[in-house]
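Student: Could you walk me through this structure while I have it open? I'd like to start with the overall picture and then go into details.

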Amino acid sequence: MRTSALVIGFAAAMGLSACGGGTLNNIGAGQVGPDEFAILPTRSLSMPPDLAVLPAPTPGGANITDPNPRGDAVAALGGNPERLANQGIGAADQALVAQAARAGTDPQIRERLAQSDAEWRARNGRRPLERIMGTPVYQRAYAPMALDPVSEQRRWQRAGAITSTAPAPAAE
């Protein structure tokens, strides 16, 4: 009698708890709330010392009162926040870029490489045991294309290249 009353009471409690159905306090309900860290306060409005130095307005562009957390962090660490802006190719790198582009460039290179990589991985996919265990195929698939750093270092040193950061070649 006591056991059956306990079972009935437990079943009633479970039935009543299923009636709640509210997701207000259910963290695992999958409801996404606002991200309080995504809200950044704007800077206070102030009158600039000279109105002639203000940038020209750009529709959809940034405002001088908009928050700039990366720039603020760079400035706090003693850097120049203006260096974060894309200013094109620097003067020191123009010769390097010209040398690299001497035979022309392919504007579709990323798409072509992604397509050929996908085709290669489709041909050299996971083996059945790798599929079952869920292991990646990356290391095995690209092992034939990887360079051996020691043999490559020796090859360059034999060719007379200066490898100042590399240790001296071991005696063969």
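Tutor: Gladly, and please keep in mind throughout that this is a predicted model.

Student: OK, how many helices and strands does the protein have?

Tutor: The protein has seven helices and zero strands, and read from the N terminus its elements run α-α-α-α-α-α-α.

Student: And what share of the residues counts as buried?

Tutor: Of the 172 residues of the protein, 5% are classed as buried, where buried stands for a relative accessible area under 20%. The accessible surface amounts to about 15600 Å², and 61% of that area belongs to carbon and sulfur atoms.

Student: What about contacts between residues 24 or more positions apart?

Tutor: Such pairs make up 15% of the contacts in the protein, counting those with a separation of 6 or more.

Student: Switching to charges, how many salt bridges are there?

Tutor: The count comes to two salt bridges. In one of them, the side chains of Arg112 and Asp106 meet with an N to O distance of 2.9 Å, and in the other Arg155 pairs with Glu152, their closest N and O atoms being 2.5 Å apart.

Student: Why would side chains like that pair up?

Tutor: As a general point, side chains of opposite charge can pair when their charged atoms come close.

Student: Where do Arg155 and Glu152 lie?

Tutor: Both are in helix α7, which covers residues 149-158, and they are three residues apart, or about one turn of the helix.

Student: How exposed are Arg155 and Asp106?

Tutor: Arg155 has a relative accessible area of 46%, so it is partly exposed, and Asp106, with 28%, is also partly exposed.

Student: Changing topic, what lines the largest pocket?

Tutor: The lining consists of Arg43, Asn68, Gly71, Asp72, Pro81, Glu82, Leu84 and Ala85, and these residues divide into three nonpolar, two polar and three charged. The space within the largest pocket is about 220 Å³.

Definitions and conventions:
Residues numbered from 1 in each chain as written. Predicted model: local features only at pLDDT ≥ 70, side-chain atom pairs only at ≥ 80, totals over all residues. Heavy atoms only, no water. 1 Å grid on protein atoms, 1.4 Å probe; cavity = no way out; pocket = protein on both sides within 12 Å on 5 of 7 lines; lining within 4 Å. Points joined across faces, edges and corners; volume = space filled by probe spheres on them. Nonpolar A, V, L, I, M, F, W, Y, C, P; charged D, E, K, R; others polar. Helix = DSSP H or I, 4+ residues; strand = E, 2+ residues; numbered from the N terminus. Buried < 20%, exposed > 50% of the residue type's maximum accessible area, 1.4 Å probe, protein only. Contact = heavy atoms within 4.5 Å. Areas by Shrake-Rupley, 256 points an atom, 1.4 Å probe, with all protein chains shown as cover. Salt bridge = Lys/Arg side-chain N within 4 Å of Asp/Glu carboxyl O.
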